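This briefing is for a reader who is new to the structure shown here.

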Amino acid sequence: MLFLPHSTDLKLARRPYVTYAVIIICLFIHYLQQQNREQVALAAADYCELINYSNGGRSIHGLVDVVPELKPRNFDFLREEKGHCQTSLASWHEQPDKENIKRFLERSLNVYVKNEVELIFERLAGVDSAAQRLTQEQVAAIVQQAEAHYRSFATNAPGSLDEKLMYDPASLNPMRMITSSLAHADWGHIVFNLIFFFAFAPALEVMCLHWLRYVGVLLTISIATSVSYSLFSLGSIPVPGLGLSGVVMGMMGLSAYMMPWARIRTFVWFFTLVKNFYIPAWILAVFYIGSDLLTLFDSGNSGGINVVAHVSGGISGYLIGRFWLKRQKEEVQDELKEEMEVRSAMRNDVMRSGSTSRAGQQRMVDQRREYQAKRDYQAVLDRLHILMNSGQDSDAVVLFLQEYEDYAQQPEIYDELFEEFMKWRAGRATLCLGRLDITLLLKAGKTTRALEVVKSCQQLSREFVLATPRQNGILLKAALARREYELAYGLLHDAAARYGVSIDRNRYHLMEAQLLIQHLQRYDEARPLLTLMLADAGNPYREQAQKMADYIEKMA
């Protein structure tokens, strides 16, 4: 069965260049590794040929003429089998700790010596292997002989690139923590790692919102997995590590936080079933990280696979998202949700008809247009936010007026924008936007909402002026009908100075005085208005003004 996540079912807002760069670097490094391995293997083959030739071409099989005379301490491990000689020398040559090569040889040879060598005696001579059990001194002698062979081989062999790149858990070398993630053991190792990496990483790079932040995430996961492996290996002799798998698992863990419900295209081949399934990212993360966690608790290893790096990578990826990328997740959630809805509609349309129908294509086009419009609006909103917070009111006014033609038919957009302005900063741009919002609301017949905007603007400035006297009159009438007397007073007060000859000054004075006397009981503020009206002999409302003046005196 082949179960292979290979890509995220999302259309990315931009190209994931860092992800591409990581893939290219890994492939280039692996190419260099392969070239170097071939050179080391050729040197090992030459050395093994040399030591067999110097021994007359005879292996251990040719030396066993009389079994009792064959002593284990004389057994030449590398001469026993030429193919094993080449493999062993190449393997030892890539170990990072050359000063302690004897320690590695003891570890790697001990199992072979205890099992294979004794079986050779038994097979060749028909002697009971129990009679030929090796003592510790004999094993040490065989190891010493193998060590001498290796040191002789290493004198003329080319340096191992694997040795320079891999991470030794005992070293805590930060540079090796990074280089080991970019290097791989073989082509199968790198191909599957990069396919899994490409399934999750591109979308996460875009969601990080900045390439440097994404690079920081990758480096942090690399270091976290290496340090975890070092801590887990305390008190033992661990195997040095290579591979991007820890970072891949980190991408899975990060996706479980950043985009848990985004679908990952997963290729499944099971007998006659060959199909792509669309599986939520969090399910894949739980499956892969969870299975490695069970393996870790069960045995601590999995056939040479570094499950410690896998588990620590997955956990560190999730924690990095939870504590470092929380704001980035919130910023992209709306776009991510919309893109997921578009992709879901596409999949459903294909499932219903076997292909994308004309109606389905049009629906997707409409959704794309709506999605793009929302992104454009968000870009304008972000720019306005910057201008408002930096006190650039004039530039903010110019910007939202430039977008008037696009949004004039949707007054709710300017209404929403006004609310945002009120949160950001109460300035001249806010009053200007409020005036525009009121105009659009009145055109749409939303008088009640327009009154609320007027009230907000009056709280910012008592000198707030509506666009036209007609708007002022409509809102004044609505405010009085709703008994919003303070609001009405704000519309009446000093209206003559604000609108000049375009209004009936005397009538506005009369209404203001009536409001102050009848509803607000602020007689002291009404007296100057009445005095002004009584001093004008041609005022048509002089008689009504006199009655109100008499009423005030009576109340006093």
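The notes below go through these topics in turn.

This is a predicted model, in which local features need pLDDT of at least 70 and side-chain atom pairs count only at pLDDT 80 or more, while totals for chains, interfaces and linings use all residues. Residues are numbered from 1 along each chain as its sequence is written, and side-chain values use heavy atoms, with hydrogens and water left out.

**Cysteines**

- A disulfide is a covalent bond between the sulfur atoms of two cysteines.
- With a disulfide taken as a pair of cysteine sulfur atoms within 2.5 Å, the count is 1 disulfide.
- Cys48 and Cys85 form this link, with an S to S distance of 1.9 Å.
- Cys48 belongs to helix 1 (residues 17-54) and Cys85 to helix 3 (residues 82-93), so the bond ties together parts that are 37 residues apart in sequence. Helices (H or I, at least four residues) and strands (E, at least two) are DSSP runs, numbered from the N terminus.
- The angle about the S-S bond is -90°, and the link of Cys48 and Cys85 is left-handed.
- Both Cys48 and Cys85 are buried; buried means under 20% relative accessible area, exposed over 50%, and partly exposed in between (1.4 Å probe, protein chains only).
- Cys208 is buried, at a relative accessible area of 0%, and Cys457 is buried, with a value of 0%.

**Aromatic rings**

- Rings of Phe, Tyr and Trp (its six-membered ring) pair if their centres lie within 6.5 Å; planes under 30 degrees apart count as stacked, over 60 as edge-to-face and the rest as tilted.
- The whole structure holds 10 aromatic pairs.
- One of them is Phe3 with Phe287: the ring centres are 6.0 Å apart and the planes meet at 65°, so the pair is edge-to-face.
- Phe3 is in strand 1 (residues 2-8) and Phe287 in helix 11 (residues 281-298), 284 residues apart.
- Phe3 is partly exposed at 27% relative accessible area, and Phe287 is partly exposed at 48%.
- Tyr257 and Tyr318 also make an edge-to-face pair, 5.7 Å centre to centre with 85° between the planes.
- Tyr257 lies in helix 10 (residues 245-258) and Tyr318 in helix 12 (residues 307-324), so this pair ties together parts 61 residues apart in sequence.
- Tyr257 is buried at 8%, whereas Tyr318 is partly exposed at 36%.
- Phe3, Phe196, Phe287 and Tyr288 are linked by ring pairs into a cluster.

**Charges over rings**

- A charge sits over a ring if NZ of Lys or CZ of Arg is within 6 Å of the ring centre and within 35 degrees of the ring normal.
- Lys329 has its charged end over the ring of Tyr257, 4.1 Å from the ring centre.
- Arg322 has its charged end over the ring of Phe323, 5.6 Å from the ring centre.
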